[in-house]
Amino acid sequence: MLPWINADSSDRLKTMRDTSLAKLVREDLLEHILNGDIKPGDRISEPDVASRLQVSRVPVREALRELESSGLVVSRKHAGVFVRAIEAKEVQDLYEIRSVLDSFAGAKAAQLATEPRQELAQALEASIAVMQAAQKQANLAAYYSENLHFHWLIVQAAHNEQLSHTYQEVVQKLHLARLQSLSHVAGMKTSIAEHQSITQAIAQGDSQRTKDMLATHVSSAYARLKQSMPTASMPTITNPKETT
């Protein structure tokens, strides 16, 4: 589960008075898509969704338009709305964008005042401990989830709403690609070591080092993904810091 998705439907119902029906439908559909309940390439039936949620088709249609604008579903004339299948070139593009976003967020986090920066470092260390436990148990799902949580902590620490919004959209599309390829998290031990170095750089307030390490980390993650998918013919990603 992505760290910004609330899987507790009771919490969503508590906020219904302050939330439009379309937004509630969107969150429900988003949860089902990102959980893999509705898979890339699957058609989303407006009548079925409306019936399941006991709402009219109007908020369902509006929710689907919002999901289409964020690039998670696609509308095909006379065929309906489908969960998008992410192509290999788009995965490369998304990783390049994510590298820039992670680097920016890391640099901002390392510039925080001492107290909030140390609190962030402690939270990141706790996250690494969870990843280490998942790695020992060979629990790929738990590792993947906590890995996303680690990076989301850094993004949140940047205190930039537009960054957070864009980051969510990028990672959600990459999550779709992971679901459709059934790829696994490769190189957990190496990735954890990189997370530890990033955390140390943030704790020390080294903005440039944090920025560079996150750029390299994301590029390495893409390289590990390609290695785990030898038949995917995925393009090569260039580390942004090497092109500046």
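Reply: Buried means under 20% relative accessible area, exposed means over 50%, and partly exposed lies in between, with a 1.4 Å probe and protein chains only. The model is predicted, so local features need pLDDT of at least 70 and side-chain atom pairs count only at pLDDT 80 or more, whereas totals for chains, interfaces and linings use all residues. Residues are numbered from 1 along each chain as its sequence is written, and side-chain values use heavy atoms, with hydrogens and water left out.

Me: Why is Ser 103 called buried?

Reply: Ser 103 has a relative accessible area of 6%, and the limit for buried is under 20%, so Ser 103 counts as buried. This serine is found in helix 5, where helices are DSSP runs of H or I with at least four residues, strands are runs of E with at least two, and both are numbered from the N terminus. Leaving aside neighbours within four places in sequence, Ser 103 is in contact (heavy atoms within 4.5 Å) with Lys 211, Leu 214 and Ala 215.

Me: Why is the pair of Tyr 95 and Tyr 222 called tilted?

Reply: Rings of Phe, Tyr and Trp (its six-membered ring) pair if their centres lie within 6.5 Å, and planes under 30 degrees apart count as stacked, over 60 as edge-to-face and the rest as tilted. A search of the whole structure finds two aromatic pairs. In the pair of Tyr 95 and Tyr 222 the centres are 5.1 Å apart and the planes stand at 55 degrees, so the pair is tilted. Tyr 95 lies in helix 5 (residues 88–110) and Tyr 222 in helix 10 (residues 207–228), so the pair ties together parts that are 127 residues apart in sequence. Both tyrosines are buried.

Me: What makes the pair of Trp 152 and Tyr 167 stacked?

Reply: Their ring centres are 6.4 Å apart and their planes are at 25 degrees; the limit for stacked is under 30 degrees, so the pair is stacked. Trp 152 belongs to helix 7 (residues 140–157) and Tyr 167 to helix 8 (residues 161–181), so parts 15 residues apart in sequence are tied together. Trp 152 and Tyr 167 are both buried.

Me: Why is helix 2 called oblique to helix 4?

Reply: Angles under 35 degrees count as roughly parallel, over 145 as roughly antiparallel, 65 to 115 as roughly perpendicular and the rest as oblique. Helix 2 (residues 21–34) and helix 4 (residues 57–69) pack at about 60 degrees with their axes 8 Å apart, which makes helix 2 oblique to helix 4. By class, their contact has 11 nonpolar, no polar and three charged residues, where Ala, Val, Leu, Ile, Met, Phe, Trp, Tyr, Cys and Pro count as nonpolar, Asp, Glu, Lys and Arg as charged, and the others, Gly among them, as polar.

Methods: Axes fitted to C-alpha atoms, helices over the stretch in contact; angles between N-to-C directions.
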